[in-house]
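Dear colleague,

Please find the structure below, followed by notes on what was found in it.

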Amino acid sequence: MSFLLPCPNCGKRSVYEFRFGGEVKPTPAADASVSEWQNYRFNRVNASGIQTEWWFHRSGCRQWLQAVRNTISNEVLESFLPGEN
Amino acid sequence: MKFRFHDKSVEAQPGDTIAAALFRSGQRIFSRSFKYHRPRGLLCVSGKCPNCLMNVDGVPNVRTCITPARQGMEVKAQNAYPSLETDFLSITQHFDWLMPVGWYYKTLTLPAMWHAAEPAIRKVAGLGEILPSAPTEYEHAWMHTDTAVVGGGLAGMQAALGAAERGEEVILIDDQATLGGHLRYHKRSGPVPDDIIAWLQAAKNIRLLQNSYCFGLYEGSLLGVLQRDPHTAAAERLVHLRASHIVVATGAYETPILFPNNDLVGVMLSTGVLRLLHLYGVPAGKRAVVVGESAAAEEVSGELRGGGIEVVAAVEPHAVIRATGAGKVDGILTRTGPFPCDLIVICGPRVPDTGLIAQAGGKIEWSDVQGAFLPTVLPPEVSAVGEAAGESVANTTVPLPASKRAFVCLCSDVSSTDLCQGIAEGFDEIETLKRYTTATMGPCQGRMCQLSAIGVCARETGRSLGQTGMTTSRPPNPGVTMGALAGPKHHPVRRTPMHYAHSNLGAVWMDMGDWQRPRYYANRSTASDAEPVLIEYQAVREAAGLIDVSTLGKLDVRGADSGKLLDKVYTHRFSDLRPGRVRYALMCDEGGIILDDGTISRLSEDRYFVTTTSGNLDFVHQWLEWCLSGTGWDVHITNVTAGYGATNLAGPNSRDILRKLTDCDLDSSVFPYMACREAEVKGIPAILLRIGFVGETGWEIHCPAESAEELWQALLDTGQEFGIRPFGVEAQRLLRLEKRHVIVGVDTDALTNPYEADMGWAVKLDKDDFVGKRLLTHAHAARDESREHLVGFVLEAPSVPDDGAAIVVDGQPAGRVTSSRYSPARTAGIGLAWVKTARAQEGASIDVRVGGRLVKAKVTMTPFYDPEGRRLRQ
């Protein structure tokens, strides 16, 4: 894996500058069932294709960002700061 | 210039490679083959074949034909015993019928057979010897450019100049020491135009990486480049090169043709012979037979004669019957008669070097017209020029049918017979044939054998070359030394501001993550570890101790919504914490699993000072940022770990010591346990936290890192009359264990929730939503008897178990010890352990495994020392 990830603050950077933070998924409601929370905590969609992910720019601006990536080709379609898409 | 080759000294001319100098000195055998130990001599003289691999200055598998000779080098042959000239294992070639293709799979069918055979196979198999420590230095570098041109031949140089004229930044990579590619030795195409090289060198936006080869093209247009001898302090530099555009100008290379004995020493490719002749002035033989199509053979013959080599005959490839000779060529048998000679010059098919293009995702297809596999579809960021793109490639020589043993793969001694056998056994696709026979999988990665292997496969299966197709090209090719991939021997170490003060006090160091911390301070009069730890322990319990806790993670959290964030992330409540107060902080994930702990002090209305465990700082910081992201809350988190030094002053005399250095009122009535103040200590601005990890009256003192050593020294000097001693991590571990304080990650693991860790008091389920609340609520309600609980235990016999020792109940394993020490306060072995929930009761009886026997112990749910915490509050 050696693709470039565009950081909204810093521009295109080597993916090794980032820490992967998992899939972006909605947090269950506070009173949602235990199984919903367990599903949220322990299960992944693990999409083969396009998914939105959390990335932390560890060796850069040290900000969390979200990127839309094709997990097959590692092509990053877009990236943005949380809440700005 | 001289270097050593085994026990002889070899003279080298300026510009010589190791192989050229050896050849000039009369050496003809350069290696022994992988399987049959047949003698092998120079073939390609361009670093493409496996025949000249040797050990140079301790580094195995060096391609000596492209490695410049240097004064004092130590060069040794590989894979030959006792010597290159006489190799006992060459006897194996007469027993090849015993080792057919797929021998391993067919013979070693039972595990017992493999285990019996393995030691012998390990001894004779493999190539080269690895020294346990790298004899040279390696380094990594990162480069970025608009255009990278791979290949310094004419096409590559022109492409580089063209890009430079368009104003692009260009890096030109060439695996030779001199630019020019085949123009340097190929008289008809050459010479290299002088002006081009001068332009290249003068251009400000062109960077030349010579003596460097590109071993792979990876995702994101990342080129792996290995630069040899980048400077005197490093043998090799691995360059991670990013380019927006990549021009592949890798040219084409000549490959052997198949006939029996085509691997004898003295059978050489025409380009290899011309390189030796024109680059190093060494004739490869006296009497040569040239094998090739008439036009090519005639041209090569002319050049050979010009170089003083007698050309006995020129033979068409299909007329060759076999080469003759025992180890070395002494003649060739052809349909036009036998010719005695000492050199057979092969004008083989030229194969465009398209590996990088294939790795980039380009399409490579067979062209009947040009007799080669050529790139037909290129990814947008890659282009090909020159012979790599098929320019002026016109092969008429197709790999010959081979009835007898002709070597296809020189790397692992795979013959045409082996390939036919493999196909007959059903491995009739080129990819499966490759895996079954290992053809194309050796050090040359198929450069010498791929076309022949495809040819044999096509003929045997009745398919065309195009239908047969190519094997997948994968990096690294050529091979890269493990040292270069590993990079420099670089072990970063973090030191606290008081590091050298500890050194002067005789600290015995331990590594904690990147940090170095004093384990204890050696008492120079005793040799034992235990005694200094005990002395340090006693000082803390009876007088005063001082420990460097600068490694604690420290975060400065500011802003109007800081309390809101901390309420969300930690299990306790912090928005209602009064300024000047400290609270224990426990952090869980959404599953209710403990992530980290520390303390949070509220310094003012909108400023909190958060500490984390030493190893978890980055994680906690990122976790806080993640929980904050997208909320729009007014919070700023700054990592001040390196900015602050910290000490913990603890013990009954600590107040008396600190009082001498600060005006801050330290009396418990105004500065009670779990309070914090900002005050000056010896004139140094500091944050004082009244907390007690070790269980005594004490203060954690955080101050600017640049003053931390001064403060440390002041506390020690002032404490002298009060019996102060510095103490290390080992004493701290014992002191905290007596207080039953948990260390996250030591006493807890990735399945631990606060209730099971006996820290339910730190979880406030009645506060608004926080991370982990839902599943913590569930865990709190469902007390699961099948799970485990963290308890303390006191051993009833004088002994101490190892960390991790088993807990046994009724002869069954029932848990494990996480921490254990001998407690001076209890005069017994104590510890923390996970036991089944049913056993987590005061006074329950368990057995602990200590050194192979079981020792009785009693469970306790309260601290081992000062259970009411009176001493902390004094």
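Helix α4 (residues 154-165) and helix α5 (residues 194-202) of chain B pack at about 45°, with axes 10 Å apart, the axes being lines fitted to C-alpha atoms over the stretch in contact and angles running from 0 to 180 degrees between N-to-C directions. Helices here are DSSP runs of H or I with at least four residues, and strands are runs of E with at least two, numbered from the N terminus. B:M157, B:A160 and B:L161 of α4(B) meet B:I196, B:W199 and B:L200 of α5(B), where contact requires C-beta atoms, placed from the backbone, to lie within 7 Å.

This is a predicted model, in which local features need pLDDT of at least 70 and side-chain atom pairs count only at pLDDT 80 or more, whereas totals for chains, interfaces and linings use all residues. Residues are numbered from 1 along each chain as its sequence is written, while chains are lettered from A and ligands numbered from 1 in the order in which they are written.

Between the chains, the contact takes 18 residues from chain A and 16 residues from chain B, and α1(A) gives the largest share of chain A's side, five residues.

Chain B also holds an open sheet of six strands with mixed pairing, in the order β37-β38-β39-β36-β30-β40, pairing being defined by at least two DSSP bridges between two strands.

With best regards

How values were computed
Two residues are in contact if their C-beta atoms, placed from the backbone, lie within 7 Å.
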